[in-house]
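Student: Could you show me how to read a helix and a nonpolar core in a protein model?

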Amino acid sequence: MSPPSSSASLRSAEALPRMSDADFEAFARIVRAETGIVLTEAKRSLLVSRLARRLRKLGLEGFASYRRLLESPDAGTERRALISAITTNVTSFFREPRHFETLAGLVPGFAARARNGERIRIWSAGCSTGQEPYSIAMVLLDQWPDAARFDVRILATDIDPEAVQQARDGVYDARLVTADAPAALRRQVGRGPAPGTIAIAEAPRKLIRFEELNLLGAWPFRGSFDVIFCRNVVIYFDGTTRRHLWQRFAERLHPDGWLFVGHSERIDPGLEALLAPSGITQYRRTAAPVGALGSGPAAVPQPLRDNDSSAYSR
């Protein structure tokens, strides 16, 4: 399909309702409070485009009406829809392969510990539509086929309820699995429920629990993790929020546990005492106590769905 002509683009732009400065500032404030995402003026046109779809679906004439809806006392459901509308779920299986190569090197140690009765916990924080945690599970199973017999769990969370549901479904476009896809992926997918789709096999599914979770809110689980993936999430946060999140991850990692971040992300200066660089966008938890850096700004708890993820972190 050829790109739209300039006249078509102009007509499309003219069809969008106007967003006033006051409305934009209100939406940006709500989005930041709910998600930590900072929307600058440069993102206004994107916000207009995405929220215009909500206006059409709700039968609202303008952004002022939508703003009043979001600011009403019973706006919880629509605020969740807002999150789905403004978050971008760009992911793929085995994205940034070096992280999965490092993970593969950890699997023999995990297997030995599990056979000695220890638990293994991995967290995919900001899992989007599920390709990341399924890739993690496939790496484990590729080298440790009977992993499900042991106390091994992957917690996969995302703030977007629609993305979490798609991840749970585990059904994807068949074009995502190409002939040169990793063998670990090709072994763990089958024919999907509709033509042109694939479905994740049962073995990876058994290792994963998907939950809706706002990283800025309370984390309703206990214990520590051996590995945390949080990739291409904090790039949308301001410096204070980002630094505090890194510290919270450090609190939840075992000593020598691993943190994998996105290709354009780095741990903030001054946090190396907690998270030591160990390769490109890879960090290992040191033995230093988090309190040595100060308590940092407090996180603001956000409403969370009633769930029990404690089995993944006890």
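Predicted model: local features only at pLDDT ≥ 70, side-chain atom pairs only at ≥ 80, totals over all residues.

Student: Which residues of helix α8 are buried?

Tutor: Buried means under 20% relative accessible area (1.4 Å probe, protein chains only). Helices are DSSP runs of H or I with at least four residues, and strands are runs of E with at least two, numbered from the N terminus. In α8, residues 161-169, the buried ones are Pro161, Ala163, Val164 and Ala167.

Student: Why do they line one face of the helix?

Tutor: An α-helix has 3.6 residues a turn, so residues three or four places apart point the same way. Here the buried residues of α8 fall within an arc of 160° (from the directions of the helix axis to the C-beta atoms), so they line one face.

Student: What do they pack against?

Tutor: With contact meaning heavy atoms within 4.5 Å, their partners are α5 (76-86), α7 (131-143), β2 (152-158), β3 (171-173) and β6 (208-212).

Student: And what about the largest nonpolar core?

Tutor: A nonpolar core is a set of buried Ala, Val, Leu, Ile, Met, Phe, Trp, Tyr and Cys residues joined through side-chain atoms within 4.5 Å. The largest has 45 residues, and Trp123 is one of those touching the most other members. Helix α2 gives the most to this core, with 5 residues.

Definitions and conventions. Residues numbered from 1 in each chain as written. Heavy atoms only, no water. Buried < 20%, exposed > 50% of the residue type's maximum accessible area, 1.4 Å probe, protein only.
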